[in-house]
Amino acid sequence: MTDSSQPTNAKITVGDSELELKTWPASIGSPAVDISKLLATHGVVTYDPGFANTASTRTAITYVDGAKGTLRHRGYSIEDLAEHCTFLEVAYLLLYGDLPNRAECDEWTNSIKMHTLLSEEMKRFFDAFPRSAHPMAILSSATNAISAFYEAYYDPKSEDAIKESTNRLIAKMPTIAAWAYKKSISQPYIYPRNNLTYVENFLNMMFGLPVEESEVDPLIVKALNVLLILHADHGQNQSTATVRFVGSSHANLFASVSAGMNALWGPLHGGANQAVVEMLSSIHDDPAMTVDKAVARAKDPDDEFRLMGFGHRVYKNFDPRALILRSFADDVLAKMDRDDPLLDIAKQLAVVAREDDYFVSRNLYPNVDFYSGIIFRALGFPTRMFTVLFAIGRLPGWIANWIEMHDDPATRIGRPRQVYEGIVTRDFKPIEER
Ligand code: ACO
């Protein structure tokens, strides 16, 4: 269904000539003006740093309305999904377009359980990293490395190959993530246990020990389930756009997802959850630093310091995920009987920023990373694992987008243009004359 009030054409004047441009209607949200023929017809390219005004694809997976603070997957609100679903149900929804019924859900869950083990050779791969390695470095490398075991499944046009690779990636990601952590603390790797749920199994591999039976706290399971759902997909965010971009060269699914993980690692994207807690800790630990000083530094145009966890490319009102997490953070900390001074600092920052004209006029609100780090911390995860947890959550979104891209007949290899501003031509000089 499309909105009949949306424009069906647009015109652009370049020099003396005018060109009629096709538009692509959206079922909801901004329609797009199709500029794909502009270079061929008028010899000009479009300039859009950070692609902030460019729709790189048409999609039916996730809808984000930054002004209203709306996030929906396949039409379902993030609030409903977070309250009622398991992470694997949401993964199924993103991948296959509908929530699974009971039989579909059982079959899907079992097909994931079939693949939770890593090849034993991969143990040596983990061993080769230094103990100090950042778990994101291990996660992205291991994700790429496991592609070496499944070369028969690279074909992006084979439905069976994609299904197998999808199941393998979703099944193995918690194992890789937990083993990356175990490596960093020199503890034995814990094998997956298929009698546990997806989240329970991950927690058991993270925090369990081979010397004793351990119980997984249901409160932590519930909280992590919600956190993974809140991270599951988010339109054409930077890591998803990277997965599509790399995949458009027909790079295999594992390699494409690994590239997306590296994009996610950056502190301006998924790495922000780690950066938020580090920033809050520095305010807490440094007697010379206060909330007011942090805000003043963030506002100073000559200081590169930013309030981590504030601002979003799309949300210019509020981030609905942050809203869910704000009350969730209080709840989790209370139930876990934890009093975290960092949460108090976070709340003070949120209040100061909400009342400060610099932040208000720029629409800078707390984003999902602002609260997720505090909750991950309360659940017992070390700071350096936060972005890894984001990656486990975002995985179904990356894969769903990769699949949609390959199904779309309009897909071409991603290859932007540029406006060249350098020296036009020079006479070559041999090295002795330079
Ligand atoms: N602290 C202080 N000032 C900020 C912040 C911040 N966190 N974020 C943006 N600004 C300012 C900029 O300096 C700029 O000010 P100016 O107009 O005076 O030059 C203005 O707000 C607009 O900022 P841009 O960087 O142009 O906004 P953009 O959409 O390109 O960037 C981003 C969005 C990267 C999220 C940015 O807000 C930021 O760096 N935030 C901190 C990192 C963060 O929390 N990232 C997580 C994002 S959510 C996610 O990836 C899951």
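Trainee: Which residue caps the N-terminal end of helix 15?

Mentor: Helices (H or I, at least four residues) are DSSP runs numbered from the N terminus. A polar contact is a pair of N or O atoms within 3.5 Å; within protein, one must be able to donate a hydrogen and the other to accept it, and residues adjacent in sequence count only if both atoms are side-chain atoms. Here the backbone nitrogen of Leu342 lies 2.8 Å from a side-chain oxygen of the capping residue, Asp340.

Trainee: At what pLDDT do side-chain atom pairs count?

Mentor: Residues are numbered from 1 along each chain as its sequence is written, and side-chain values use heavy atoms, with hydrogens and water left out. This is a predicted model in which totals for chains, interfaces and linings use all residues, local features need pLDDT of at least 70, and side-chain atom pairs count only at pLDDT 80 or more.

Trainee: How much of the ligand's accessible area does the protein cover?

Mentor: Oxygen atoms of the ligand lie 2.7 Å from a side-chain N or O atom of Arg306 and 2.8 Å from a backbone N or O atom of Gly309. Of the 920 Å² that the ligand has on its own (Shrake-Rupley method, 1.4 Å probe), the protein covers 73%.

Terms used: Helices (H or I, at least four residues) and strands (E, at least two) are DSSP runs, numbered from the N terminus.
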